[in-house]
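Please read the points beside the model shown here.

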There are 2 protein chains.
Amino acid sequence: MARLRSRKRVNDPEGMRNKVLDVAEAAFQARGYHASSLGDLMAAAGVSGGALHHHFPTKKALALAVIDERVAAAVEATWIAPVQAAASARDGVRAVFEAVAAELEQQGFVRGCPLNNLAHELSLADPDFRAALARIFSAWRQAIADKVRADQREGREQGTDPQRFAALAVATYSGAMSMAKTAQDAGVLRDCLPAQGEAWK
Amino acid sequence: MARLRSRKRVNDPEGMRNKVLDVAEAAFQARGYHASSLGDLMAAAGVSGGALHHHFPTKKALALAVIDERVAAAVEATWIAPVQAAASARDGVRAVFEAVAAELEQQGFVRGCPLNNLAHELSLADPDFRAALARIFSAWRQAIADKVRADQREGREQGTDPQRFAALAVATYSGAMSMAKTAQDAGVLRDCLPAQGEAWK
DNA sequence: GACAAAACAGGACAACCGGTCTGTTTATAA
DNA sequence: TTATAAACAGACCGGTTGTCCTGTTTTGTC
């Protein structure tokens, strides 16, 4: 019997499970969950049906893994970590907006926010999906709110409500990405940031 | 040959085409485009396959009709008209937020914004979808921007950029609805409005 | 080396999807 | 009435979907 989880790689040094997650993450982002067939994913990942079914018994299990392991990590990397590292919550939010806008304009194509893309398609489809997605939204908002509270402990942002500020930041970003995706123009992100000197309350 | 388009109803006084659009609008809103099969829609509308194919040759044509005729009308009814009728752009935006929040809290269920739901799923799937959805976003934003300009002609809102204000309003609403849908809690809409007396810039 | 479990291969299958086809009824115009 | 086209009914088909199932290979442990 297996006492401890074995962590040895088999054939692929990178791991076949990770390759499937890579492909699924990209496909769900580009085409959505329902529009991505397991056949497509198998072909794109160079994986047999048996292998895929071994790691992910159902398509739902695969999507849940993508959400928990990849989408959450993406939010952490592009939002939570930069905000925590910034000089202030307000600076951090602005920096992320500008960084994402610059990145999108450089690559000339807007795929949208991974979290929001899946949230719109799957939130009402299944309670498990909704719970997993809601957790990520919650962590995202809380990280920003915590940063505001840290600012307040240092005497700044006395007039701001941490919860409201975080909700507004996440909502503005999510909505701006939605528009940017539909218009295929990242400029909307900049329009949603206040002009220099103006407050963003 | 048909010289002019005949407009007489056949069996159903309400029109079978409208009934299909009703059902399709609701299904696309609740389950999305790909998750709604034509069989489901036929059963829900009590319509035969031949009838559906007569009015809408393809599923894409049906979705395009839903977007152009229903989603656009929904945005017009819940956003454009109220904003135009309001005392000011700022009041109008705030009123819509509060009206939608109240309506959602009353019915205890958040289905999300019809436009954003379809935009996320279909914007990258097909250029025709994307164009139709982008048109609605554009009209939505322009109506708000026009209202700001009307305010400015009366001496108010001198410091505000109409385009930015409109983009921010639409983005905030879209993103707040996204969170509200995933959390199944309309309270986020209120969190995204500024506290009394604070400016929303 | 022996053995058990995990990792993987690949075919099979039933259900379902969207679209097409042919036929029938109804309404309009001459 | 008669001709014509729109409005509708319902069966049908090829292709695809997600899942399951039976083997085979590889890995880790004694």
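1. The lining of the second largest cavity draws at least three residues from each of domain 1 (1–57) and domain 2 (64–191) of chain A. These domain bounds come from an automatic or database domain assignment. A cavity here is a set of points, on a 1 Å grid over the protein atoms alone, where a 1.4 Å probe fits but cannot get out, and lining residues have an atom within 4 Å of a point.

2. This is a predicted model, in which local features need pLDDT of at least 70, side-chain atom pairs count only at pLDDT 80 or more, and totals for chains, interfaces and linings use all residues; side-chain values use heavy atoms, with hydrogens and water left out. Residues are numbered from 1 along each chain as its sequence is written, while chains are lettered from A and ligands numbered from 1 in the order in which they are written.

3. The second largest cavity has a volume of about 40 Å³, a volume being the space filled by probe spheres set on grid points that are joined across faces, edges and corners. Its lining consists of A:E25, A:F28, A:Q29, A:V66, A:V71, A:P114 and A:L118. At least two lining residues come from each of α1 (16–31), α4 (59–85) and α6 of chain A, and α1(A) gives the largest share, 3 residues. By class there are 5 nonpolar, 1 polar and 1 charged residues; Ala, Val, Leu, Ile, Met, Phe, Trp, Tyr, Cys and Pro count as nonpolar, Asp, Glu, Lys and Arg as charged, and the others, Gly among them, as polar.

4. How do the two domains of chain A meet? Their C-alpha centres lie 27 Å apart. In domain 1 of chain A, 12 residues are in contact (heavy atoms within 4.5 Å) with 13 residues of domain 2 of chain A. About 1,100 Å² is buried between these domains, and carbon and sulfur atoms give 56% of that area. Buried area is the accessible area (1.4 Å probe) that two parts lose on being put together, summed over both.

5. Chain A has 9 helices and 0 strands. Helices (H or I, at least four residues) and strands (E, at least two) are DSSP runs, numbered from the N terminus. The C-alpha trace of chain A spans about 60 × 45 × 35 Å along its principal axes.

6. An unreviewed UniProt entry lists residues 14–74 of chain A as "domain: HTH tetR-type". UniProt positions are given in the numbering used here, feature names are shortened, and annotations may be inferred rather than shown by experiment. The span 14–74 of chain A is 77% helix and 0% strand, and its end C-alpha atoms lie 19 Å apart.

7. Between the chains, 46 residues of chain B are in contact with 46 residues of chain A. The two chains bury about 3,500 Å² between them, 61% of it on carbon and sulfur atoms. Of the area that chain B buries against chain A, B:H120, B:L124 and B:T182 supply 21%, more than any other three residues.

8. Of the 15 residues that line the largest cavity, the closest to its centre are A:H120, A:E121, B:R31, B:G32 and B:K181. Two or more lining residues come from each of α6 (114–122) of chain A and α1 (16–31) and α6 (114–122) of chain B. The largest share, 4 residues, is that of α1(B). The lining of the largest cavity divides into 6 nonpolar, 5 polar and 4 charged residues.

Methods: 1 Å grid on protein atoms, 1.4 Å probe; cavity = no way out; pocket = protein on both sides within 12 Å on 5 of 7 lines; lining within 4 Å.
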